Structure formats: C-alpha cells, structure tokens
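Reader: I'd like to learn how to read helix packing and nonpolar cores in a model. Could you walk me through one?

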Amino acid sequence: MSRTATAIAPSNIALIKYWGLRNESLLVPYNASISMTLSRSRTRTTVEFDPDANGIEVWIGSDDGPQEAPDGFSRRVEEHVHKIAERFDVSGGFSVWTENTFPASAGLASSASGFAALAVATCGALGHPVTGSEAPPLVLLGGSGSAARSLAGGYVQWPSRNLRDKIEVVAPRDHWVLADVIAVVESAPKEVSSLEGHRRAPSSPHFGRRLELLPARSEVVRRAIQQRDFERLSKAVEEEALELHLIAMSCRPRIMYWRPGTLEVLARVRELNEDGVPCCFTMDAGPNVHVLCEPDDEGTIAEALSDLPVVETVIRDQTGHGARFQDDS
Ligand code: DP6
C-alpha cells in the first residue's frame, strides 16, 4: 500500500555565508554559517511512496497546473530520494509534487526550502517522520548545505559548534522577528551555481584572510541576535555580504553576481540610513538584495525600493518557523 506525506519548508537568508567546501563528498564547509529562517518564501512538497512500484516521477506546481520537472531537477530529486531510501534500507517507487509559494520567476534561491521539504516529506512517506537532530543528515544528502538550516525557525547555525551534520538554533523565531524586504533586480537563474562557487572560493587570494576574520564576525552576529542589537547586526551582516562577493569576484575564474540594479539598491539603503531609517543589506550568490529591518520600518523600505525602476518585484518576508509536516499528511 502506498503512503503519502506533505512537508512545508521555508527558505532562509544567510547572515554569515556558507561559501567554500572543505570536503565536497561529505559536504564539509570551511566555516559555520548563520541564517534567518523566512516565513513567506516556502516550498510545499508531497511524496508518495509505493513499495510495490519502481522509478520516480517528479512534478512541479505552476500557475497552469503540475508540469513534469526538467531533467536536471528531476535527477537531483531522484538522487536525494534514493539516498534517503537507502538509509532506511527500503526500495520502491516514488511520486513527488513540489511547488514554491514565492513567485518562481523571482530568481530567489529555492534549493534551501526545496531540499528541506523534500527530505522531510520523503522520510514521512517512508514511515520515518524524523525530527530534531536526526533530520539534518538526511537533508544534507541532497547536497544543499543551506537546506539544513531551513529545518529550524528563527536564527540557525550550520554546522553546529562541534558536529558537521547538526544544526544549532542561535535564537528561536519569537525571540526577534525582523522583516526581510527582498528587492528583485533580476529574475533569471544565476549563471554560476553555488556548488561551482564553493569549488572556486579557495582560489581567491582573500579566502585565507576571510577564514581568519570569520570567527570574530560570527560571534558578533550571534551576540547581536541574542541581544536584539540591530546596529551591531547590520554592520557585521553588510561586511559579510560584501566579503562573499569579494571572494566571488576574485576567485578563478571570477564570478560576478552583481548587476547595475544591485548597486542602485545598495545606494538606496545607504540613503535610507542617512534619513534615519535603520536597515541593512545582504545578498546571496545572485544579484538580488535582501534588506533587513525592524517590522515597523518595513513599509517605508518596501515603498522606497519599489520606487526604483531597476527593481522588478519587492517581496516582503520576515523571520519564520522551520520545516514541518502539513497537518493532513
Ligand atoms: C551564497 O550549496 O546551500 O547562499 O544549494 O544553491 O542553496 P544552494 O546553495 P548551497 O550554498 C549557499 C550559498 C549562499 C550562502 C548561504 O546560504 O549560506
């Protein structure tokens, strides 16, 4: 008899970035990363497992109904599902339906929410609804390190201080809800994948210095979160975002994720600061800018960013809860 489970997992925005893999096959990063889990940008995935069947079908939700997933995407899903099934020593057939709640065309990373939702739903469908510390290793089998952080809500570190396949909650969601106003300046998929970026990072002449600076910066971020100190958080988060892109721009071959619109948004953030609106920027491996602020300032910032002709869309998100099963599954 087949069994079905549905999971919902949020995306996250890294405050301290994961950039560079010490060991690719074991997914060991050079440094621990810290992110804020989001609430509106989510993936919902349903997995059906039939022990008497074979193979895998993957469907993606779209405005025109479910579409068969493109080959590359299907292959990654298939590999992840099979690795999880192997861990539980089971075999059979799978159907996977997945959809993002944020606009597919927004050019936002969906792999963190996608692989977290896939792992949680697959485990559920296999009859092993894992929670807590058992879950991160199963999520990491998908190859996306940032996905492990989406398992928990609030502010999350991966790897935890002493275990590479565990996460640590720096502070839960209700400790400090911040807004994340995302200015989308380009919605096309990024030219160089994060995996390729991780591979090239150590070739930057600045990478070694980054690793020396990171422990102190990470500590500042952890403390700023614990003390709800937005000013200290802002300084460290902006420094970190610029350093990620410094490494990308100086590795070999170099990677340029920024677009002219990226710089326009950064300039607007500075003007807002000068006008007395506390906010700070960060970017992942792409041209779009996440502007963090206290919820009271969100409206002003969203309006200021929407007014820029370079901004295609503004998405208003905030600190959220971690991955979970959908109630009816
Ligand atoms: C720049 O290998 O987790 O976003 O699989 O594309 O989500 P995806 O990437 P992953 O690397 C994330 C790189 C980053 C920084 C971060 O989220 O820590």
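Author: Gladly! Keep in mind that this is a predicted model. Let's begin with a helix pair: α1 and α2 are oblique to each other.

Reader: How is such a pair described, and what is the crossing angle of α1 and α2 here?

Author: Two packed helices are described by the angle between their axes and the distance between the axes. Here helix α1 (residues 71-87) and helix α2 (residues 111-125) have axes that cross at roughly 40 degrees and come within 10 Å. Oblique is therefore the word for α1 and α2, and their crossing is right-handed.

Reader: Which residues in α1 and α2 meet?

Author: From α1 come R76, V77, H80, V81 and I84, which meet F115, L118, A119, T122 and C123 of α2. By class, this contact of α1 with α2 has seven nonpolar residues, two polar and one charged.

Reader: And the cores? What is the general idea there?

Author: In soluble globular proteins, nonpolar side chains tend to be buried together. In this model the largest nonpolar core has 31 residues, and V47, I84, F94, V96 and L118 have the most contacts inside it. Two or more residues come from each of β1 (3-16), β4 (33-50), α1, β7 (93-100), α2 and α3 (135-140).

Reader: Which element gives the most to this core?

Author: That is α2, with nine residues. Apart from this core lies another, of 23 residues, including V181, V185, L266 and L272.

Reader: What does F94 touch?

Author: Leaving out residues up to four places away in sequence, F94 touches V47, E48, F49, G55, I56, E57, V81, H82, A85, T122 and L126.

Definitions and conventions:
Residues numbered from 1 in each chain as written. Predicted model: local features only at pLDDT ≥ 70, side-chain atom pairs only at ≥ 80, totals over all residues. Heavy atoms only, no water. Axes fitted to C-alpha atoms, helices over the stretch in contact; angles between N-to-C directions. Helix = DSSP H or I, 4+ residues; strand = E, 2+ residues; numbered from the N terminus. Parallel < 35°, antiparallel > 145°, perpendicular 65-115°, else oblique. Left-handed = near helix turned anticlockwise from the far one by under 90°. Contact = heavy atoms within 4.5 Å. Nonpolar A, V, L, I, M, F, W, Y, C, P; charged D, E, K, R; others polar. Core = buried A, V, L, I, M, F, W, Y, C linked by side-chain atoms within 4.5 Å. Buried < 20%, exposed > 50% of the residue type's maximum accessible area, 1.4 Å probe, protein only.
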